Amino acid sequence: MTARTPAHPGSPDGAPTAPPAPHAPADPAASRAERIGDAALDLLVERGMRGLTHRAVDERAGLPQGSTSNHARTRQALLETAVRRQVEREATVLTPDEMPARDGGGEALLDAFSLALHRYLTDHRALLVSRYELALEATRRPELRSFFDTAGAAFHGPVIALMTEAGSTAPERHALSLIAWCEGLMFSCAAGSFHSAVPSRAELRTGFEELLRGMLDGGE
């Protein structure tokens, strides 16, 4: 798979070369918890963990002072709110009707995974940055580690099930390898040395195909 620098920011096959866009105005239809969670994620992307305070979240979300403290009184509760919102937003990157059917075969699996990964790297790069901020904080806070791991595990089961249906002889191990490959590529292209050279969807699909072929055709 060959990484390339996109010729045009926001093009179908390339990633924007500019930093993540500024936060969008608060959705008036969103619940207070969603507004607080979105504001917390925005602050993590723009200012890092030190910039995440109850007062800053109130200001960013356009809420009366004290609203965030009433919703999440402690820093731990605020971080859990951010993780919860992170999971909710990541779950929308690939809509349910775009998920591959259990009997869809390898082609459907390749299409779905390459689509999701391409969307992360082009339209949802900020979500990756906020995820990394939360993951690093979890390494320093055992109480957040448990919450973060439980929330993230919701994504593991479906991948294991898809690998089982695809014919994997070791679905849990293969799911781990697949997830780790995705995570490594996303980090490299969102925050690492390939942040301005993102593969096209076709190139991502080829990379997935090569990986899956080794797992499914090569035995254990």
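Colleague: Which residues of α4 are buried?

Modeller: In this predicted model, local features need pLDDT of at least 70, side-chain atom pairs count only at pLDDT 80 or more, and totals for chains, interfaces and linings use all residues. Residues are numbered from 1 along each chain as its sequence is written, and side-chain values use heavy atoms, with hydrogens and water left out. Helices are DSSP runs of H or I with at least four residues, numbered from the N terminus. With buried meaning under 20% relative accessible area and exposed over 50% (1.4 Å probe, protein chains only), the buried residues of α4 are Gln76, Leu78, Leu79, Thr81, Ala82, Val83, Arg85, Gln86 and Glu90.

Colleague: How far apart are the end C-alpha atoms of helix α9?

Modeller: The expected span of a helix is 1.5 Å times one less than its number of residues. Helix α9 holds 20 residues (171-190) and should therefore span 28 Å. In agreement with this, its end C-alpha atoms are apart by 28 Å.

Colleague: Why do the buried residues of α9 line one face of the helix?

Modeller: The buried residues of α9 include His174, Leu178, Cys182 and Leu185. Taking the directions from the helix axis to the C-beta atoms, the buried residues line one face because, seen down the axis of α9, they fall within an arc of 120 degrees.

Key: Helices (H or I, at least four residues) and strands (E, at least two) are DSSP runs, numbered from the N terminus.
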